[in-house]
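Welcome, and thanks for taking a look at this one. Below is a short tour to read alongside the structure, sorted by topic.

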Amino acid sequence: MKRGIPVRLEGLSKRFGKVEAVKRLDLEIGAGELVAFLGPSGCGKTTTLLMIAGIYRPTTGAVYFGDRRVDHLHPRDRDVGMVFQSYALYPHLTLFENIAFPLRLKRVPDAEVKERVQKTADLLGIGHILERKPAQVSGGQQQRAALARALVKEPQVLLLDEPLSNLDAQIRLSARAEIRRLQRDLGVTAILVTHDQAEALAMADRVAVFSMGELQQYDTPEVLYHRPKNTFVAGFVGSPPMNLIEGTFTGDGFRAGELRIPIPGAPTGKGWLGVRPEHLALGEGGHPARVLVVEPLGREVLVVAEVAGVRLQVLLPEGERPEMGSEVGIVFPEPKELHFFDETGRRIGPE
Amino acid sequence: MRRYLTPFLFLSPATLLILLFFFTPVVATILLSFTDLSTTTFKNPSWVGLKNYQDLLADPFLKKIFLNTVKYVALTLAFNVGMGLLLALLTSLVPERYGDPFRALWLLPRILPPVVYVFIWQGLLAEAPMGLVSDILGVSKNWLVAAPWTVVILANGFVGASFGMLIFTSAIRSISRELFYAAAVDGATTWQTIRRVVLPMLAWPILFVTAYQTLSLLTSFEYILLLTDGGPGFYTTEVWSLRAYHLALSNYFGNVEFGLGAAMAAVLVVIGVVVSLFYLKIFNFKALVTEPKIEIY
């Protein structure tokens, strides 16, 4: 049962007064795909979502659902379902009437409303509490009710605006898997807006990273992680974030102040060297460093150390745990684990 | 002992004010209503028991005045709440830079002294060539005399609607933006959003404004006094509180009857208390009382 349709954004931009919230965005989402819009707050990801939903009118550009241009249509004529961060359930209505709301507005016959609401609610495991008001159920149940309301009219496009960020950490993980499973089973095209890179990487087929109203990179989670296009994506995707060291490439190495790292086949010129914390290690013969902070994270230990005036985050396996203030050696990885960026932050070398 | 003393001390200023300005007048009014105090008996009033109340019931105009009061309160209330709701919805639907100045403008008559406000109405409604309404309609009439009830209700309502407008506007503004988005995505038109989402969520403010305005309209008479003074003609727009005022403080015949007026006022107090109790019940007052946010030791 594939009922999702492709969504295409062409030269989409949105201006609020003097602020350009979204700048000439081109993006294509395949039928039945789940795409995450990832970025810090104010990066334009929610604005883009609201333009797709029809709440905001784009300043320029077009939105296509399949071959149909929809950016001039009212939300009710677009066939979208949407889940909001606050869930936006109607507080005066029972969960049943909340979920039934879109159907009631379409004047669906009573018997059919009953059947479809019950079916959708059962699918989400809230079929037994439909007579309650939103305030009388838990956050997780509210979130399911909001999802049920979005799905009950069987939309072609499902929009999720930070649907998990108000949930407890524990429920959030199971809700992630649940949404992903449902979306795949129903075959609906879905767009997930989130500022949580772990959520985006875990749930999405592809992730669009936004910053300052501009699309930075649009790729699969693997590509984002292993070949970030620029320093913004490199610093935003991955936790703890990639170490980015400003310095000069010398063709056979990298220099930042006193720090000199030999790298065969390195580029030349000013730029940034990126290295993920999990790719650094402690060991004999490494660059001499002093441990500033040690943070046990359970499975791993995060160490902040200073090497020749440069602060680096190092992620160590559980067993290793240096003393705070102690002197250690930091070992840099093979060149293939290193990332090179030019002066403007763009990636150099293998794409 | 200290446990009870501190809360009492905190409450005492408010308690004192309530006793002095609310409770004492009520007691005084009720006491006064059992006397025959008037201009003639001013130096030597005597207790007359329920005589004033008997006189009231025997008054052939009492029924008309009672019906006038019901008419005045019901129609003005309907206009106030309806108009307030309409204004709040309309000014919330347009951008703030238009809505806010409009609301401010609508508040002007409330800030204006009633005498000035009524003076403007009288000017508007006078005969041509002075009266604007006469000029526009092309019929020269004193519209205040021609349609006294309409004028009384409108003059009160235009001022009164601003109260509902303010309360409803802030209630509408406190509805989360996402709820409006959700309604739009669910397929609701603007009208459906208002009817199925906004209005149900305004149930409490509407009830509150209705309750509050019922009580204040029952006892308000200043605009009627200034506009028609109960006329034109014989008791056309005379309402209960105005009648009490006339009897007690401004009798046509020069003999002001404090006792009789107090009896009328006392009836109003009783009606007010009954209505308040009724509203408190539907408001579910106990549910509104929350735990104190500051602990006092």
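Which residue lies over the face of Tyr64(A)? The residue is Arg8(A), found 4.4 Å from the ring centre. Please keep in mind that this is a predicted model.

**Chain A**

- Chain A has 351 residues, and 54% of them count as buried.
- Its secondary structure is made up of eight helices and 20 strands.

**Helix α8 of chain B**

- Helix α8 of chain B runs over residues 148-173, and its 26 residues should span 38 Å at 1.5 Å a residue.
- The C-alpha atoms at its ends are 37 Å apart, which agrees with that expectation.
- Along the way, α8(B) bends by about 35 degrees, and the bend is at Phe158(B).
- Because 19 of its 26 residues are buried, α8(B) is largely enclosed by the rest of the structure.
- Phe158(B), the residue at the bend, is partly exposed, since its relative accessible area of 26% falls between the 20% and 50% limits.
- Phe163(B) is buried, because its relative accessible area of 19% is under the 20% limit.

**Aromatic pairs**

- Over all chains, the count comes to 19 aromatic pairs.
- In one of these, Phe79(B) and Phe158(B) have ring centres 5.7 Å apart and planes at 65 degrees; the angle is over 60 degrees, so the pair is edge-to-face.
- Phe79(B) belongs to helix α3 (residues 62-93) of chain B and Phe158(B) to helix α8 of chain B, so this pair ties together parts that are 79 residues apart in sequence.
- Phe163(B) and Tyr212(B) also pair, with ring centres 4.9 Å apart and planes at 25 degrees; the angle is under 30 degrees, so they are stacked.
- That pair links distant parts of the chain, as Phe163(B) is in helix α8 of chain B and Tyr212(B) is in helix α11 (residues 203-219) of chain B, 49 residues apart.
- Tyr212(B) counts as partly exposed, at 44% relative accessibility.
- One aromatic cluster of chain B is formed by Phe79(B), Phe102(B), Trp106(B), Tyr117(B), Trp121(B) and Phe158(B).

**The largest pocket**

- The largest pocket holds about 1,100 Å³ of space.
- Its lining comprises 33 residues, and those nearest the centre are Ser92(B), Leu93(B), Arg177(B), Phe180(B) and Tyr181(B).
- Both chains contribute elements with two or more lining residues: β1 (7-16) from chain A, and α3, α4 (96-111), α8, α9 (177-186) and α10 (190-201) from chain B.

**Cavities**

- There are two cavities of 30 Å³ or more in the structure.
- The largest cavity has about 70 Å³ of space.
- Residues lining the largest cavity include Leu124(A), Gly140(A), Arg144(A), Leu167(A) and Glu178(A).
- In chain A, α4 (139-151) and α5 (169-186) each give at least two residues to this lining.
- The largest share, five residues, is supplied by α5(A).

Notes
Residues are numbered from 1 along each chain as its sequence is written. Chains are lettered from A and ligands numbered from 1 in the order in which they are written. This is a predicted model: local features need pLDDT of at least 70, side-chain atom pairs count only at pLDDT 80 or more; totals for chains, interfaces and linings use all residues. Side-chain values use heavy atoms; hydrogens and water are left out. Helices (H or I, at least four residues) and strands (E, at least two) are DSSP runs, numbered from the N terminus. The expected span of a helix is 1.5 Å times one less than its number of residues. The bend at a residue is the angle between axes fitted to the seven residues ending there and the seven starting there. Buried means under 20% relative accessible area, exposed over 50%, partly exposed in between (1.4 Å probe, protein chains only). Rings of Phe, Tyr and Trp (its six-membered ring) pair if their centres lie within 6.5 Å; planes under 30 degrees apart count as stacked, over 60 as edge-to-face and the rest as tilted. A charge sits over a ring if NZ of Lys or CZ of Arg is within 6 Å of the ring centre and within 35 degrees of the ring normal. On a 1 Å grid over the protein atoms alone, a cavity is a set of points where a 1.4 Å probe fits but cannot get out, and a pocket is an open set with protein on both sides within 12 Å along at least five of seven lines; lining residues have an atom within 4 Å of a point. Grid points are joined across faces, edges and corners, and a volume is the space filled by probe spheres set on the points.
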